[in-house]
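Colleague: I would like to understand how the words used for a model follow from its values. Could we go through them one at a time?

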Amino acid sequence: MTWTSLNAWAAAPEIFLLVAVSVILLIDLFITDAKRHFTYLLTLVALAVTACLLVNSLAQPSQLAFSGMFVADPIAGVAKIGMVLGVALVLIYGRTYAESRGIYKGELFSLTLFALLGMMVMSSSLNFVTLYVGLELLSLSLYALVGLRRDNVHATEAAMKYFILGALASGMLLYGMSMVYGGTHSLDLLIIAQRIMSGEVNHLLVIFGLVFIVTGIGFKLGAVPFHMWVPDVYEGAPTPIAQLIGSAPKIAAFAFVIRILAQGLEAYVQDWRYMLVLMAVLSLAVGNLSAIAQTNIKRMFAYSTISHMGFLLLGILVGTPVGYAAAFFYAVTYMLTTAAGFGVVMLLSREGFEADRIEDFKGLNQRSPWFALMMLFVMFSMAGIPVFIGFFAKLAVLEAVVNMGLTWLAIYGVLMSVIGAFYYLRVVKVMYFDDAEDKSPLVAGIDTRVVLSLNCLLLILIGLAPDRLLYVISAAVAHSLLPA
Amino acid sequence: MTGNLLSLTIWLPILAGVVVLATGGDDKAPAARWLALIGALLGFAVSIPLYTGFDTYNGGMQFTEFKPWIATFNINYALGVDGLSVWFVILNSFTTLMVVLAGWQVIEKRVAQYMAAFLIMSGLINGAFAAQDAILFYVFFEAMLIPMYLIIGIWGGPNRVYASIKFFLYTLLGSLLTLVAFIYLYGQTQGSFAIADFARVPLTMTAQTLLLIAFFFAFAVKVPMWPVHTWLPDAHVEAPTGGSMVLAAITLKLGAYGFLRFALPILPDACREYAWVFVLFSLIAVVYIGMVALVQTDMKKLVAYSSISHMGFVTLGFFMFAGGTQLNQFAVEGAIVQMISHGFVSAAMFFCIGVMYDRVHSRKIADYGGVVNKMPIFAAFMMLFAMANSGLPATSGFVGEFFVVLGAIQVNFWFAFFAATTLVFGAAYTLWMYKRVIFGDVANHHVAELKDVNKRELLILVVLAVTVLGMGLYPKMFTDLMHQSVNDLIWHVSQSKLPTPQLPQ
């Protein structure tokens, strides 16, 4: 390996983040609980610098590093900026919550950053090994984070479930990857694609491997029928961790799917498309129908995530850059929306009170008209009502699906979102139409309030002018997938 | 100034709504009310030049505006009004003014939010009428569900939660199917969401039929046509007076407008082919719903059913194809006039019921009787509106119905025959209700304590009465503006859009 093929500068944001996590981990050892805010600030600074490095890298052309195992292309760049933002939101919204739950420790910050690092590696990998390493770094950090409140029964149960099912999924994925390796004699996705095109592969073996890989992806996305862990983990995990699981990793999972299916196994699009159709159809139905029955808002978010992943899959299964761009846009906007949703849940919770039942939102309009309005934005954005960004995400996906000639799928999708609208409306109903029982004032830092408000306002502001973001994302997809 | 007139009619009320919202709690309610009144007045004021500056010889779009909005999908911020839509922008701005006045003292809790919701909705509705891009239309069309949902749910009656969610989901279902239809058309036009391009693109009969089904779901629910009307009585009964006024006067018109703007020009062949379905549903609405209205015991429900019946007249007028090919001009113009007239009359009827409800807190007909003894001025005005609702000549209600019947009789005698029964049913249910509520001896101590209308209420009644009479006596003012556009529409719809078959070489 020469220095040119190493090209480590392309991975500068990851390298910086790794160094930063290690430093923060060390510094935190010498910090008492009372001064933990210092770690918090350091973490935010590390995230900010990473984001700057990423923005800087966007301006440069795509480049390979580590002998083609790692790629810094626009898809990865945009995805990573989204993830950094998502993780920053988790820490900001979760600060007060974590303090009052006794999980405001150094581990919270280092594990969160490691999870972020894993996601970043995942979205930049062009090789099965790096993909898997990134995925495992993410997953292991998340398992530990879910179980951070180790004396809490629900949290440990959720961590256990998550770990076992996650490990099973990783096993499936690894098994599938090994079969593809057997069929193509390569771990490098670009070489795999080349070999498939030239026909020097064992098709049966690759397709067999593909099935296992799609299963693994299904688990990680939380798509039906591999969704069983989602509601339990969302409910059991501390709310900031649930937010973490529900937001940034969805972008990482999207990038992961793009790397494997669109860049590595694109030639098998006819084979994987209908697997994804099946998962999307089931996810939309199960997610939306089960969400109606929930009384716990975190479980409701869990089922709503499942249904949103169904929509995301609709975009991916189109199998064209337009479809990928639509799915990418969906993932980014979903990250913003779901982060805001959890942010409001944490805003309402306080020491000894989780605010995770839907009825805890009763009369929020009387307690805090401003944040009731913000939650209203979140709910209508999730339901896909214009002029919130959720609508444009759905529009982009539906446009791709209809142009592919899969109109029936689009009709199915919109029918399911009518069902979905019901449970989002119910939250609005509880906030606006019911009287408040709990009149205690909201406790939250000024940072949380300001950032949360900005986050929610973004949902409508991007909705009023979605073109910029749409353009950035479509351009990123086009530049990364079409050879220059 | 005229360059951005339509944008002003949209964004001025929305901006005013945001400002009103910012006044906050009920301790600043007077400020919220005055600000809302100023916003509504300004909104109405900027809609006036649409009438005065309208070129009646031009059937195309006027006051157009065009800015790229979402270049990725070629979605543009394209606005414009023609003779079909210009009146509705004005009517909407007018109704908002009435609603703000109607809620002046009646609404006591969350005043700022109430006023803001109506102002924002007013802007959104203007946007839907002015949009010349399908997605822009859709955005306005659907965004307006949010304020309406809140209005019914927060300030509504006892069963408001059920009514508001039913209203929302019913309309959402229809409009989402239309969204898919728009996206399909976007593919057919090679990447344009402009409504004018939709109207030009050739479509096969199968495609047209499927698209018509999608449009039917969106617009028929909104009108509402029988058999998808069931949300309306619930929504009307539970909504506060202002909500009912806007719902009846404006949002129902959007459904009918959707047929005019989308279904007829984009799918002329399917509309011709399946006109009988629309005629059948409309006649059922006129006759059957008219009978249903007759047996109601709740005044608001009665007027709600009468709205469905009157809107049946409108959809009937739109689908009067003479000889199966050409739309009848009388019928179409009559239907549009009927839409405007119904906007005034139904708003007035709901306001009258609201006036009584505010005093007695009951909508049951049985709880009233002899109101005229205590509220003579009010009773006189309500008499006028009741007469207009039943289509008495010299009121606005007569003009539209007469035109539609006139058009229908040129197409088919029996259509006209059944349509004309509305004059009987309408008179029966409205006047019978009026008799039971207003005439007779004072029924109970609630009625005995009634006080006649105050100055604010009188102002609203006078303004509405003037418009209802004015429109009845001089309908030319309204038909003049729409004449040319209706002619263009009729010509357009008479042209087939089926792709020309390729002859084998």
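Colleague: Why is Leu317(A) called buried?

Modeller: A residue is buried if 20 or more other C-beta atoms, placed from the backbone, lie within 10 Å of its own, exposed if 12 or fewer, and partly exposed in between; Leu317(A) has 25 C-beta neighbours inside 10 Å, and therefore counts as buried. This is a predicted model, in which local features need pLDDT of at least 70 and side-chain atom pairs count only at pLDDT 80 or more, while totals for chains, interfaces and linings use all residues. Residues are numbered from 1 along each chain as its sequence is written, and chains are lettered from A and ligands numbered from 1 in the order in which they are written.

Colleague: Which residues does Leu317(A) touch, not counting residues up to four places away in sequence?

Modeller: With contact meaning that the C-beta atoms, placed from the backbone, lie within 7 Å, Leu317(A) touches Arg273(A), Leu276(A), Val277(A) and Ala280(A) under that exclusion. Leu317(A) itself sits in helix α14 (residues 297-317) of chain A, a helix being a DSSP run of H or I with at least four residues, and a strand a run of E with at least two, numbered from the N terminus.

Colleague: How many residues of chain B are in contact with chain A?

Modeller: By that contact rule, 29 residues of chain B meet 25 residues of chain A. The elements of chain B giving two or more residues to this side are β1 (62-70), α5 (134-143), α6 (145-155) and α7 (160-188), and α7(B) supplies the largest share, 15 residues.

Notes:
Contact = placed C-beta atoms within 7 Å.
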